[in-house]
Amino acid sequence: MKTSVLLRFIILGLLWLGLVIYIMLHARMTLYLAFVIVASGIIVFVPMYKKYIKKK
């Protein structure tokens, strides 16, 4: 994997994780909120995985 692709995953992952932590600290945890967090992770990371990792 190229360094630039790895850097994209790291930066995007840190931003997503920061937003998730912020949401969890400032909102009451519900099943709907857990679903939204998981769905956002899928929406963010699956296309990148398909494009850069599974392609090889």
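Met1, Leu6, Ile10, Leu14, Tyr49 and Ile53 together make a nonpolar surface patch of about 590 Å². The model is predicted, so local features need pLDDT of at least 70 and side-chain atom pairs count only at pLDDT 80 or more, while totals for chains, interfaces and linings use all residues. Residues are numbered from 1 along each chain as its sequence is written, and side-chain values use heavy atoms, with hydrogens and water left out. A patch of this kind joins nonpolar side chains (Val, Leu, Ile, Met, Phe, Trp, Tyr) within 5 Å, from residues with over 30% relative accessible area and no salt bridge; such a bridge is a side-chain nitrogen of Lys or Arg within 4 Å of a carboxyl oxygen of Asp or Glu. Areas come from the Shrake-Rupley method with a 1.4 Å probe.

Helix H1 (residues 3-26) gives the largest share of the patch, three residues; helices are DSSP runs of H or I, at least four residues, numbered from the N terminus. Met1 lies in the segment before H1 and is exposed, at 56% relative accessible area, where exposed means over 50%, buried under 20% and partly exposed in between.

H1 also has buried residues, namely Val5, Phe9, Gly13 and Val20. Their cover includes helix H2 (31-52).

The whole structure holds one aromatic pair. The ring centres of Trp16 and Phe45 are 5.7 Å apart and their planes stand at 85°, so the pair is edge-to-face (centres within 6.5 Å, planes over 60 degrees apart). Because Trp16 lies in H1 and Phe45 in H2, the pair ties together parts 29 residues apart in sequence. Trp16 is partly exposed at 24%, and Phe45 is partly exposed at 22%.

Conventions:
Patch = residues over 30% accessible without salt bridge, like charges linked within 9 Å, V, L, I, M, F, W, Y side chains within 5 Å. Helix = DSSP H or I, 4+ residues; strand = E, 2+ residues; numbered from the N terminus. Buried < 20%, exposed > 50% of the residue type's maximum accessible area, 1.4 Å probe, protein only. Contact = heavy atoms within 4.5 Å. Phe/Tyr/Trp six-rings, centres within 6.5 Å; stacked < 30°, edge-to-face > 60°.
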